[in-house]
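Welcome! Let us take a walk through this structure together, one region at a time.

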Amino acid sequence: MAQAGQEGGAAEGTALKRALTTPLLYFFILGDVLGAGVYVLVGQVAADAGGAVWVPLVVALLLALLTAASYAELATKYPRAGGASHYATRAFGPFAGFVAGFCMLAAGIVSVAALARGFGGDYLSAFVTLPVGLVAVVFLALLALVNARGIKESTRANVVATVVEVGGLAVIVVLGAWLLLRGDGDVGRLTQLGTPEKGAAAAVLSGSVLAYYSFVGFETSVNVAEETRDPRRSYPRALFGALATAGAVYVLVGLAASAAVPTDRLAGSSGPLLEVVHEAGGVPPRLFSAIALVAVANGALLTGIMSSRLAYGMAKDGLLPAALTKVLPGRRTPWAAIAVTTLLAMLLALTGSVATLASTLVLLLLVVFLMVNTAVLVLRRDPGETDHFRAPTALPVLGIASCLVLATQIEAQVWLRGLAIVAAGMVLGALTATRRTGRTGRDPRDAG
């Protein structure tokens with residue numbers, strides 16, 4: 001996001017090393033998508049949609065694929081870092097680009113807050129029972145200290161983290177199958193759509209908003225397109241392959257959890273997959289809880305690192321207050337950005353439930369995705385990189401429609417929280433655009 005204001009089209013020669021092959025990019029995206037969300041939100045989806053948890057998961061996957069097609073076109077057309085903010089700047093100008101970048105930053109902070117509350121729920125209760133708010137604050141403070149100390153990430157570490165997360169989900173699928181084979185569980189729940197308050201259609205749409213949270217993460221992968229060998233071919237294959245894999249895993253988890261555990265019990269748990277372990281037996285609950293806590297902590301740490309670096313980068317580009325560029329003398333980590341993003345995450349964690357925070361994140365990303373899907377159509381007048389991936393025109397149009405439909409399913413209190421964040425971004429964006437136009441005397445879209 002920090003490079004959203006860069007001028008010109010795709011760079012013919014990049015300063016970054018093109019080291020990512022299609023398999024490496026696939027695992028990068030898969031590791032980003034297969035995160036902690038499903039460990040925490042399956043129960044909330046069940047509360048909204050009923051026993052057929054797999055249906056909102058499939059709908060959310062299909063809706064994510066629509067916007068993914070737009071990202072695939074723009075990432076191969078402009079294979080450079082910057083992501084949604086860069087695309088919005090090219091299509092609509094610096095104001096829209098700033099709002100897109102700001103919403104991505106806010107979404108990262110909200111995601112960390114949601115994961116912090118998830119960490120303090122039933123998975124932690126397998127070891128110790130503490131107030132969720134207190135756990136969230138201490139958890140975020142510890143993450144900030146680790147972040148400030150400096151994290152050297154490697155491909156091996158990312159693969160290990162992904163294996164741990166997928167391993168935990170595979171355990172749930174196997175346990176669910178074992179329950180059914182021994183005659184326990186209830187496959188009838190897999191067709192139960194709707195709740196006493198909502199009919200089937202409304203329940204699916206409402207559940208899809210939360211399920212959508214489980215598929216986000218793919219949008220950050222556009223920032224490594226500049227470091228991908230032959231992004232025109234590699235990026236679409238890796239992106240769609242990773243989303244399809246994640247969707248298959250999530251649907252299997254949804255089937256296993258719903259068949260194994262009564263819907264009301266699943267809906268009432270902040271550690272819903274742990275309920276499957278209790279129901280099946282054979283796996284120590286503490287062992288699975290430890291796996292889940294590792295997944296949640298890893299997701300929160302990586303998202304916290306991204307958010308703080310994004311805030312630092314935007315500040316360095318003059319898009320946020322310069323104070324956020326301060327770094328620790330020895331560690332050279334952006335302590336000011338880490339502190340501010342952590343404090344904001346703490347505030348959100350103390351004032352919202354996991355479901356509310358997840359819905360807020362989805363609302364912010366819907367704003368970004370609406371811009372991206374629209375930008376695809378606007379930028380069709382620019383040839384960009386030759387022979388890039390081109391999505392059928394119907395897909396970004398349907399992507400726009402999907403964003404609008406999902407937005408109608410978000411509750412009023414979430415809208416208030418989300419609109420306050422977007423409004424803050426719009427005010428800062430207007431000030432930034434005015435300041436930049438005043439300095440240069442021209443619209444940044446006309447550069448290059």
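Three helices each give at least two residues to the lining of the second largest pocket: α5 (94-119), α14 (335-351) and α17 (412-440). Since you are looking at a predicted model, please read every value here as computed from that prediction. The second largest pocket holds about 390 Å³ of space. Its lining is made up of 18 residues, and if you want to find its centre, look for Phe102, Ala106, Ile109, Leu344 and Ile421, the closest ones. What classes of residue make up this lining? There are 16 nonpolar residues, 1 polar and 1 charged.

How many cavities of 30 Å³ or more does a search of the whole structure find? The search finds 2. The largest cavity has a volume of about 140 Å³, and 15 residues line it. Nearest its centre lie Val112, Asn147, Gly304, Thr341 and Thr342. By class, the lining of the largest cavity has 10 nonpolar and 5 polar residues, with no charged ones.

Helix α13 also takes us to our next stop, the way helices pack. Two packed helices are described by the angle between their axes and the distance between the axes. Helix α13 spans residues 285-316, and its axis comes within 10 Å of the axis of helix α12 (residues 272-280), the two crossing at roughly 160°. Angles over 145 degrees count as roughly antiparallel, so α12 is roughly antiparallel to α13. The crossing of α12 past α13 is right-handed. On the α12 side, the contact involves Leu273, Leu274, Val277 and His278, which meet Pro285, Phe288 and Ser289 of α13. This contact of α12 with α13 has 5 nonpolar and 2 polar residues, and no charged ones.

Now follow the chain back to helix α3 (residues 54-77), which packs with helix α10 (residues 231-260) at an angle of about 170°, their axes 10 Å apart. That angle makes α3 roughly antiparallel to α10. Among the α3 residues in this contact are Trp54, Leu61, Leu65, Ala72 and Thr76, while the α10 residues include Arg232, Tyr235, Phe240, Gly247 and Leu255. The contact of α3 with α10 divides into 19 nonpolar residues, 3 polar and 1 charged.

Helix α3 has another partner to show you. With helix α9 (residues 200-213), α3 packs at an angle of about 60°, and the axes are 8 Å apart. Here α3 passes α9 in a right-handed crossing. Which residues of α9 does α3 meet? They are Val204, Gly207, Ser208, Ala211 and Tyr212, and the α3 residues in contact with them include Val55, Pro56, Val59, Leu63 and Thr67. One residue to look for is Leu57, which is part of the contact with α9 and also part of the contact with α10. By class, the contact of α3 with α9 has 10 nonpolar and 3 polar residues, and no charged ones.

Note on methods. Residues numbered from 1 in each chain as written. Predicted model: local features only at pLDDT ≥ 70, side-chain atom pairs only at ≥ 80, totals over all residues. Heavy atoms only, no water. Axes fitted to C-alpha atoms, helices over the stretch in contact; angles between N-to-C directions. Helix = DSSP H or I, 4+ residues; strand = E, 2+ residues; numbered from the N terminus. Parallel < 35°, antiparallel > 145°, perpendicular 65-115°, else oblique. Contact = heavy atoms within 4.5 Å. Nonpolar A, V, L, I, M, F, W, Y, C, P; charged D, E, K, R; others polar. 1 Å grid on protein atoms, 1.4 Å probe; cavity = no way out; pocket = protein on both sides within 12 Å on 5 of 7 lines; lining within 4 Å. Points joined across faces, edges and corners; volume = space filled by probe spheres on them. Left-handed = near helix turned anticlockwise from the far one by under 90°.
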